[in-house]
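Here is my note on this structure, written for someone new to reading models. Keep the structure open and check each point as you go.

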Amino acid sequence: MQASFFCANGYLSREAFSHSGWPTPPALYRSEIGLQSMQAALAQAKLADEVGFDWVSCSEHHYTPLLQTPNAAVFAGALSQVVRKAKIAVLGPLVSMNNPVRIAEELAMLDQLSGGRLIVLFLRGTPNEFLAYDTNPDETRSRTQEASVLIIRALTEPQPFGWEGRHYRFRTVSVWPGPVQRPHPPMYYSGNSLESATFAAAHRLGLGISFYPPHMVAQLIGHYKQECAKHGWEPAPDQLLYRCFAAVCEDDTGADALGAAFSGMRQAVESLMQGRGAALPRPPQSQVGLGLGELRFSGSPDTLVRQITDFHEATGVGVIDV
């Protein structure tokens, strides 16, 4: 079992969170607080590395103080210089909204900067974020799949090549420099639906699941493993990734208070689907983590160890990103 620390790079002021809905107006940003927030995030990542986390992760998100990382590659580059032992996990770039060749180039650079410690998960993005780059939401699944295949080929193809796909056309692709890890850094695909798990298995990608309760995680992983077997391979434990919220306190008597305080985070997450973010319908619950914003593990250190152990035994997950 491996542990990953998600470096959210959140904005450290309640003022910005007073705004209801998405996006958050730039007028609520204060540069001095932004600098403090970035310094605090990097200090947290450094500490996570020092105390023994296996991975330190980051993710791309837009127009919100919750996660101030509109370019995960830029932030991961900074992480690579303060995190010296742990893997640098970009979980991940929103490949449905960006140029996949540019993403491949950035990933190769990050693998160089980190000395071959990069891990990647391809993400589709949340409905509100499709508005940020004017991406057609009806195309985002197929765009994500095509972009993922193109990025892998761009990182592994030894000769320049052209690409003619449904969504992407490039006369010449020739990524330089290449990645340190061969044939490419470990790669995962978001698996919060059966369709995504099927795609991940077919392309021998690891599976990343976010926020679902244990029984749904077990169902998705069971389907994924069956699909992997159809394609003649078996995923390793560290190819099964789960992201969630967790909180630790000195003893279990404080767990209820933590849960009550954490309700504010759920409200902040829910606000992403309000305001202009409500212009797009929310996907069915079968496609989005039902526990988005919930506190999955909570209590004393010993209690968290037991809870995570039970979760591992019930699901087979090999990496927890908290």
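Which residue lies over the face of F161? R153 does, at 4.0 Å from the ring centre.

1. **Ground rules.** This is a predicted model, in which local features need pLDDT of at least 70, side-chain atom pairs count only at pLDDT 80 or more, and totals for chains, interfaces and linings use all residues. Residues are numbered from 1 along each chain as its sequence is written, and side-chain values use heavy atoms, with hydrogens and water left out.

2. **Charges over rings.** R243 gives another example. R243 lies over the face of F6, at 3.8 Å from the ring centre.

3. **Salt bridges.** A salt bridge here is a side-chain nitrogen of Lys or Arg within 4 Å of a carboxyl oxygen of Asp or Glu. The count by this rule is seven. One of them joins R102 and E106, with 3.4 Å from N to O. Both residues sit in helix α4 (residues 100–113), four residues apart, so about one helical turn separates them. Helices (H or I, at least four residues) and strands (E, at least two) are DSSP runs, numbered from the N terminus.

4. **An exposed pair.** E164 and R169 also form a salt bridge, again with 3.4 Å from N to O. Are these two residues buried or exposed? Buried means under 20% relative accessible area, exposed means over 50%, and partly exposed is in between (1.4 Å probe, protein chains only). E164 has 68% and counts as exposed. R169 has 53% and counts as exposed too.

5. K230 and E227 meet in a salt bridge at 3.0 Å, N to O. They are three residues apart in helix α8 (residues 214–230), so about one helical turn lies between them. K230 is exposed, at 64% relative accessible area. E227 is buried, at 11%.

6. **Helix α8, length and sides.** α8 has 17 residues. From first C-alpha to last it reaches 24 Å, close to the 24 Å expected at 1.5 Å a residue. The expected span is 1.5 Å times one less than the number of residues. Its buried residues are M216, V217, L220, I221, H223, Y224, E227 and C228. They cover an arc of only 160 degrees around the axis, so they lie on the same side of α8. The arc is that of the directions from the helix axis to the C-beta atoms. On the other side, H215, Q219, Q226, A229 and K230 are exposed.

7. **What α8 packs against.** Contact means heavy atoms within 4.5 Å. The buried residues of α8 pack against α7 (194–202), β8 (206–210), β9 (240–243) and α10 (301–315). G232 follows α8, and its phi is positive, near 80 degrees.

8. **Helix α7.** Its buried residues are S196, A197, F199, A200 and A201. They pack against α6 (140–156), β7 (187–190), β8 and α8. R204 follows α7, with a positive phi near 55 degrees.

9. **Aromatic pairs.** How many aromatic pairs does a search of the whole structure find? It finds nine. Rings of Phe, Tyr and Trp (its six-membered ring) pair if their centres lie within 6.5 Å; planes under 30 degrees apart count as stacked, over 60 as edge-to-face and the rest as tilted. W22 and Y63 form a stacked pair, 5.4 Å centre to centre, with 25 degrees between the planes. W22 lies in the loop between α1 (14–17) and α2 (31–51), and Y63 in the loop between β2 (55–58) and α3 (72–82), so the pair ties together parts that are 41 residues apart in sequence. W22 is buried, at 4% relative accessible area. Y63 is partly exposed, at 41%.

10. F211 is buried, at 13% relative accessibility. Y242, F297 and F311 form one aromatic cluster.

Notes. A charge sits over a ring if NZ of Lys or CZ of Arg is within 6 Å of the ring centre and within 35 degrees of the ring normal.
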